[in-house]
Amino acid sequence: MTISIGAFAIMFWSESKTVDAKTADAITRIERRIDTVENEAREARRAAAEDRQKIAEMAAELRSTSRGVSRIEALLDRMMMERTPKPP
């Protein structure tokens with residue numbers, strides 16, 4: 001009876017050691033996945049910030065160009081009004 005209890009304890013200890021190793025391996029894999037996801041999220045945030053900056057710069061350039069076009073249109077309208085044919 002004592003031998004069977006001892007054998008059972010050794011088997012239990014051996015199995016628990018295997019389970020502990022598998023658990024540690026699973027935890028390591030999960031931590032690596034979390035690190036990968038966090039790195040991807042950090043990179044996505046950085047890329048999004050760069051995109052926002054580029055969009056802001058493009059919007060400023062568009063506003064500047066639009067103001068320039070408006071001034072040209074106003075000058076052209078004024079020139080066209082001055083060129084109205086005069087009656088003979």
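Mentor: Let us begin with a single residue. R46 has a relative accessibility of 39%, so R46 counts as partly exposed. Please keep in mind that this is a predicted model.

Trainee: How many helices and strands does the protein chain have?

Mentor: The protein chain has one helix and zero strands. Helix α1 covers residues 2–82.

Trainee: How many salt bridges does the structure hold?

Mentor: First, the general idea: side chains of opposite charge can pair when their charged atoms come close. In this structure there are three salt bridges. One of them joins the side chains of D25 and R29, with an N to O distance of 2.5 Å.

Trainee: Where do D25 and R29 lie?

Mentor: Both belong to helix α1, four residues apart, which is about one turn of the helix. D25 is partly exposed, with a relative accessible area of 41%. R29 is also partly exposed, at 41% relative accessibility.

Trainee: Let us return to R46. With which residue does R46 form a salt bridge at 2.2 Å?

Mentor: That partner is E50, and 2.2 Å separates the closest N and O atoms. R46 and E50 are four residues apart in helix α1, so about one helical turn lies between them. E50 has a relative accessible area of 37% and is therefore partly exposed.

Trainee: Which residue meets R46 in a salt bridge of 2.3 Å?

Mentor: The side chain of E43 meets that of R46, the N to O distance being 2.3 Å. Because E43 and R46 are three residues apart in helix α1, they are separated by about one helical turn. E43 is partly exposed, with a relative accessible area of 41%.

Trainee: Which residues are linked in a network of salt bridges?

Mentor: The network links E43, R46 and E50.

Key:
Residues are numbered from 1 along each chain as its sequence is written. This is a predicted model: local features need pLDDT of at least 70, side-chain atom pairs count only at pLDDT 80 or more; totals for chains, interfaces and linings use all residues. Side-chain values use heavy atoms; hydrogens and water are left out. Helices (H or I, at least four residues) and strands (E, at least two) are DSSP runs, numbered from the N terminus. A salt bridge is a side-chain nitrogen of Lys or Arg within 4 Å of a carboxyl oxygen of Asp or Glu. Buried means under 20% relative accessible area, exposed over 50%, partly exposed in between (1.4 Å probe, protein chains only).
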